[in-house]
Amino acid sequence: MTDQANRLRALAQNQAAEPGLFASRVMAIASGKGGVGKTNVVAGLAMALARQGQRVVVLDADFGLANLDILLGLSPGFTLEHVLRGEKLIEEILVDGPFGIQIIPASSGIQELTRLDAAGELRLVQGLQRISAGYDWLLIDTAAGIHDSVVKLLMAAQEVLLVTTPEPTALVDAYAMVKVVHLRDPRKPLWLLVNNAQGPEEAEETLDQLQAATRRFLGRELNVLGMLPADPSMLQAVRQQRGVLELYPEAPVSRALAAAARYLQEKIPLQKDGFAAFWNGLTAGEP
């Protein structure tokens with residue numbers, strides 16, 4: 001038996017954390033369509049939380065187009081694929097990001113979480129269990145759209161942050177995402193963030209349209225996290241493969257991200273044991 005196999009076996013037998021320790025908040029960040037800046041929001045929110053003293057780990061779960069590491073100019077030596085194959089432990093693939101955030105990098109084209117074999121699922125679950133006690137937040141950057149694998153992650157998370165833009169197509173797809181989540185779990189906390197708004201009026205109009213649709217057809221209210229303004233600082237940061245809060249901490253979009261992070265910390269979800277609930281949900285079967 002190889003050294004790696006011995007380590008995996010020992011950890012599985014002796015070092016799995018107790019379910020009661022998983023108190024971290026698990027938030028999945030989603031979008032109804034691509035191109036709305038979801039990954040920028042994930043990175044920015046993670047950095048904003050970290051700057052405010054929160055311990056944050058980010059799981060890049062966009063297995064089709066994994067690009068969180070590219071966005072931040074990071075070069076992981078190993079990815080989640082190596083964990084699922086039993087070649088590495090999850091602790092060995094963590095990448096240090098800005099402000100102390102940790103990133104679990106994905107690799108484009110690997111198996112989706114919902115299609116893992118038993119061995120791969122065990123490695124991933126136990127790995128996240130082992131590291132969970134060290135973090136306040138697990139942020140999950142999901143793929144865009146309402147594919148089964150994405151919905152699985154959304155239903156397993158404690159809460160969902162839906163990112164949209166004011167464009168009509170983005171609004172239609174955002175409502176479709178709200179409907180899918182609501183029909184599976186009407187009590188699931190749903191946050192809404194309008195990205196790339198030209199001003200407060202445009203953001204307010206976008207929020208009002210989605211709220212009106214969800215009230216009328218679903219009988220519920222969305223939790224409004226706010227808006228991120230269209231800001232050239234974001235584009236400049238992307239081009240330099242750096243976080244906008246690193247390069248332009250006083251830019252309008254950076255201030256908006258900081259405000260969103262503070263607000264989230266004030267609104268603590270009722271559900272406890274975030275990691276435990278997340279993995280129980282993830283391994284419970286298809287939504």
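Helices (H or I, at least four residues) and strands (E, at least two) are DSSP runs, numbered from the N terminus.

A few ground rules come before the rest. This is a predicted model, in which local features need pLDDT of at least 70 and side-chain atom pairs count only at pLDDT 80 or more, while totals for chains, interfaces and linings use all residues. Residues are numbered from 1 along each chain as its sequence is written, and side-chain values use heavy atoms, with hydrogens and water left out.

Back to H8. Its buried residues (under 20% relative accessible area, with exposed meaning over 50% and partly exposed in between; 1.4 Å probe, protein chains only) are Ala-170, Leu-171, Ala-174, Tyr-175, Met-177, Val-178, Val-180, Val-181 and His-182. The cover over these residues includes E1, helix H7 (148-156), E6, E7 and H9. A contact here means heavy atoms within 4.5 Å. On the H7 side, Val-151, Leu-154 and Met-155 meet Met-177, Val-180, Val-181 and Arg-184 of H8. The axes of H7 and H8 come within 11 Å and cross at roughly 55 degrees, which makes H7 oblique to H8. Axes are lines fitted to C-alpha atoms, for helices over the stretch in contact, and angles run from 0 to 180 degrees between N-to-C directions. Angles under 35 degrees count as roughly parallel, over 145 as roughly antiparallel, 65 to 115 as roughly perpendicular and the rest as oblique. The crossing of H7 and H8 is right-handed; a crossing gets that label if the near helix is turned clockwise from the far one by less than a right angle, and left-handed if anticlockwise.

Now for the sheet. Eight strands make up an open sheet in the order E3-E4-E2-E5-E1-E6-E7-E8, and the pairing is mixed. Strands E3 (95-96) and E8 (223-229) sit at the edges with a single partner strand each, so one side of each has no neighbour in the sheet. Two strands pair if DSSP finds at least two bridges between them. In general, strands of a sheet pair through backbone hydrogen bonds, either parallel or antiparallel.

Strand E2 (residues 56-61) has six of its six residues buried, so the rest of the structure largely encloses it. Val-56, Val-58 and Asp-60 point one way from E2, while Val-57, Leu-59 and Ala-61 point the other way. E2 pairs with E5 in the parallel sense over six bridges, and Val-56 has Trp-137 as its bridge partner in E5. E2 also pairs in the parallel sense with strand E4 (residues 102-104), over three bridges, with Val-57 opposite Gln-102 in E4. Elsewhere in the sheet, strands E1 (residues 25-30) and E6 (residues 159-164) pair in the parallel sense over four bridges, and Ala-30 stands opposite Leu-162 in E6.

Leu-193 lies in strand E7 and is buried, with a relative accessible area of 3%. Leu-193 and Leu-228 are 35 residues apart in sequence, yet 7.6 Å apart in space, C-alpha to C-alpha. Leaving aside residues up to four places away in sequence, Leu-193 touches several others, including Val-41, Leu-161, Val-163 and Met-227.

Helices also lie across the strands. Helix H9 (residues 200-218) lies across E6, strand E7 (190-197) and E8, at about 145 degrees to E7. Helix H12 (residues 252-266) lies across E1, strand E5 (137-142), E7 and E8, at about 165 degrees to E8.

Just after H2, Gly-53 takes a positive phi of about 90 degrees.
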